[in-house]
Amino acid sequence: MKKLFAATVGILALCLLLAFGDYALNRQTNQSGRRTVTIYNWGDYVDPALISKFEQQTGYHVDYETFDSNESMLTKIRQGGTNYDLVIPSEYTVQRMKREHLIAPLDHRKLPNLHYIDPQFMNRSFDPGNRYSVPYFWGTLGIIYNDQMVDGRDVQHWSQLWNPRLKNNVMLIDSARDVFAMALITQGDSVNTTNYHQLRKAQRHLKQLTPNVKAIIADEMKMYMEQNEAAVGVTYSGDAREMMSVNHHLHYVVPSEGSNIWFDNMVIPKAARNKAAAYQFINFMLEPANAAQNARYVGYATPNRKAKQLLPKRVTADRAFYPPRTTMKHLQTYRDLPLHVLGEYNDLFLEFKMFAK
Amino acid sequence: MKKHHFTWGGLYLALVFVILYAPILYLMIFSFSAGKTMEKYHGFSFQHYADLFADGRMITIVINTLIVALLASLIATIIGTMGALVIKDSRGTWRNSLLSLNNVLMVSPDVIIGASFLIFFTVLGIRLGFMSVLLSHIAFCIPIVVLMVLPKLNELSPTLVDAAYDLGASRWQALSRVVLPAIAPGIFAGYFMALTYSLDDFAVTFFVTGNGFSTLSVEIYSRARQGINLEINALSTLMFFVSLLLVIGYYFISKHSGRRNRIVAVKEGDAQ
Amino acid sequence: MRQKVFFTIPYTLWILLFVIAPLVLIFYQSFFNIDGQATLGNYATYLTSRVYLKMTLNSVWYAFLITLVTLVISYPTAYVLNRLPNKQFWLLLVILPTWINLLLKTYAFIGLFSQTGTVNQFLRFVGLGSHQLLFTDASFMFVAAYIEIPFMVLPIFNSLAEINPSLINASKDLGASQWQTFTKVVWPLSLPGVKAGIQAVFIPSLSLFMITRLIGGNRVITLGTAIEEHFLTTQNWGMGSTIGVILILAMFIVMFITGEGRQKGGHRE
């Protein structure tokens with residue numbers, strides 16, 4: 001009995017010690033103490049140097065937490081109990097959050113730097129008048145290829161991915177909407193179609209792609225493309241840039257017949273505790289010098305007109321990342337679809353994955 | 001026995017051991033490589049260990065994982081021991097249904113445990129994070145403790161307890177002076193097994209964690225998806241030696257307390 | 001008496017809250033569609049759409065293959081192990097890898113199997129050229145079997161160890177060949193262990209989800225993958241729960257076939 005009691009006390013003491021260690025460890029990085037602003041963002045999606053700069057300028061402590069999909073982020077916000085001050089969802093999720101009354105309308109008077117945003121990225125259909133959101137980065141869905149393994153001319157268009165010569169050499173992103181977008185565009189339909197027959201047709205089309213599909217993965221694609229594991233990948237522009245910086249044989253193409261264009265946006269949740277700091281952070285990130293620095297670090301395209309001018313010419317002239325007007329015309333944004341339609345996308349995608357061999 | 005039989009068998013066994021240990025050794029060897037990938041060995045270096053200890057987030061996560069494991073196992077051991085006492089005192093169908101209910105979480109696939117706990121926490125409005133992970137770990141560790149303590153209780157001779165009562169002991173005295181000391185090895189073994197279950201869990205935690213709270217398994221999953229990072233190799237080497245120490249320690253405890261190798265018994269999960 | 005109640009409360013509370021309630025909830029949730037309306041639609045979808053039925057069959061087929069591979073590797077291992085001196089020590093060595101985090105072992109295989117990985121380097125070295133190893137059915141099943149081997153070896157080893165040696169001697173004395181002794185005496189007596197092993201491997205194989213992604217490249221969809229996807233990605237908890245209910249049913253069927261008497265445990269994905 002004594003032994004049991006002693007063991008219990010010992011374990012509890014150990015836990016306390018560990019908890020204290022944890023506290024001490026986090027206190028070191030948390031000198032400013034009480035005034036914190038909690039930012040919920042995609043992993044590695046802001047230059048850490050900018051966070052420190054913001055902390056120094058304002059005296060706030062930034063708590064930076066990350067998510068890896070809009071859906072998981074949405075679940076956490078919906079679940080409640082969270083107190084994020086600033087969240088960075090994609091456009092269709094902004095629409096959803098708006099509908100579910102999860103985000104607060106923005107007071108534009110508190111955002112003097114908003115005018116730096118290029119007008120073509122303002123007032124988009126997912127948030128008319130930018131009442132709830134400020135664009136953070138934008139990008140495209142496209143094809144990344146390895147010039148050692150495939151001729152660039154053979155992978156300029158979506159339909160070319162069906163070429164039998166690419167057998168077992170194409171990696172797809174694990175996302176129902178993106179994979180369907182690719183198929184819907186090749187058959188000339190909208191990426192937001194709610195027409196079941198079009199979807200079904202797209203899926204039949206996708207099934208013919210299966211001999212070429214090597215894997216359907218997410219973040220892992222970076223590593224595999226960098227290591228020459230596959231010739232072609234379907235991925236987002238920002239990830240593509242990262243891969244290209246490691247492996248110089250990789251190139252990124254936005255098919256001229258059309259693709260998805262997406263926006264990640266800063267929004268303030270209704271449940272935010274420190275709205276003042278959130279506004280300050282948005283303004284800080286809109287500052288052209290900061291936005292340019294962030295764009296250089298993250299590698300995605302900035303919607304900030306002034307910041308774009310500060311970027312090196314070779315970046316902004318790169319048609320893969322800032323596509324020409326003719327391509328831009330064909331790019332479509334995702335709209336938030338009714339849940340049962342999304343369910344159909346997901347079920348058809350699951351079926352596609354099952355047969356992807 | 002014929003001699004050649006042994007040789008073939010020995011060869012086969014050697015092959016199986018090579019397969020079992022090759023991936024683990026592979027991880028460990030590259031943790032000492034100066035390179036950045038697991039393709040080519042680049043000369044001996046402690047670089048990745050240095051990186052690991054400098055990685056504040058990783059250390060916080062290791063601490064979190066340990067706190068959850070230690071605390072969850074402790075609470076599970078207390079409740080599980082009570083449960084074993086309850087089952088021991090029950091009779092007939094009631095006892096059988098208790099035993100079956102006890103084993104539900106042992107046989108359920110992790111995905112089911114994770115998914116159903118996620119619904120449960122959402123319905124109750126419990127915030128996903130440390131608390132939900134701790135509660136889940138307590139929940140799936142309890143049946144293991146029960147299964148470890150119950151055989152010890154069954155071995156306990158009833159006359160011993162009766163003797164204590166005859167000598168005028170209260171229930172509490174009988175429990176604390178006679179029963180608990182007798183089953184203590186089972187309780188320690190239960191705690192140890194709960195600890196390894198909790199440390200090893202990925203699937204359940206993956207479902208019920210949130211709000212930036214992460215345990216080692218979940219963190220390794222997200223890092224492994226971002227690519228090979230030899231810091232993970234360094235971590236796995238350290239973890240291998242820690243588990244080795246735990247197993248050796250446990251091996252001696254169980255040798256000390258009973259004839260049958262209880263590690264074997266519980267991995268099989270044979271209740272009686 | 002008060003003390004007894006005091007003991008009963010926490011444990012019963014645990015049974016009610018963490019055993020019964022979650023099962024009831026997953027069953028309850030399976031009657032709601034993605035828009036949150038009560039419906040039998042999920043079951044209708046499951047039973048009528050080719051997708052889910054085929055996925056279930058696929059999943060069962062893979063689990064069967066994984067179990068078979070594991071059994072074929074494990075039975076001889078347990079058999080040889082059982083004849084060694086110090087067999088408990090060697091058995092412990094077989095079990096030791098189960099204490100290494102599952103994720104780490106999977107992670108090792110990513111490095112081993114990639115195009116530039118060690119296995120391909122070796123294949124090129126011996127002149128076989130490099131092959132696609134990651135994202136194949138073979139590698140998926142290999143890694144799954146690798147993880148399950150100890151859980152199969154254990155029960156078989158125990159049932160072999162329990163066989164009374166005099167039975168084997170008797171068989172030999174009666175003139176049976178070694179093969180006859182094996183098929184007529186050893187194998188039938190070790191059958192309970194084999195059944196327990198199958199139970200310990202088959203159900204987790206049905207519900208694998210992390211390996212299907214990391215090693216299978218999401219080209220293998222098991223019941224577990226589908227549940228994870230519906231709960232964490234597509235947010236269709238109703239359908240996820242429906243598949244969960246099916247998985248629970250499958251579990252009961254497997255337990256019934258492999259003998260309801262034995263309790264298995266000690267195994268997580």
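**Terms put to the test**

Modeller: Chain B comes to 12 helices and 0 strands.

Biologist: What kind of model is this, and how are residues and chains labelled?

Modeller: This is a predicted model, where local features need pLDDT of at least 70, side-chain atom pairs count only at pLDDT 80 or more, and totals for chains, interfaces and linings use all residues. Residues are numbered from 1 along each chain as its sequence is written, while chains are lettered from A and ligands numbered from 1 in the order in which they are written.

Biologist: What makes a run a helix or a strand?

Modeller: DSSP runs decide: H or I over at least four residues is a helix, E over at least two is a strand, numbered from the N terminus.

Biologist: Why is strand S6 of chain A called mostly covered?

Modeller: 5 of its 5 residues, 213-217, are buried. Buried means 20 or more other C-beta atoms within 10 Å of a residue's own, with C-beta atoms placed from the backbone.

Biologist: How do you know that S5(A) and S6(A) pair?

Modeller: Pairing takes at least two DSSP bridges. Here 4 bridges join S5 (residues 170-173) to S6, and the strands run parallel.

Biologist: What makes B:Ala72 a contact of B:Cys141?

Modeller: Contact means C-beta atoms, placed from the backbone, within 7 Å. B:Cys141 touches B:Ala72, and also B:Tyr197, among others.

Technical notes
Buried ≥ 20, exposed ≤ 12 C-beta atoms within 10 Å, placed from the backbone. Contact = placed C-beta atoms within 7 Å. Lists of a residue's contacts leave out its neighbours within four places in sequence.
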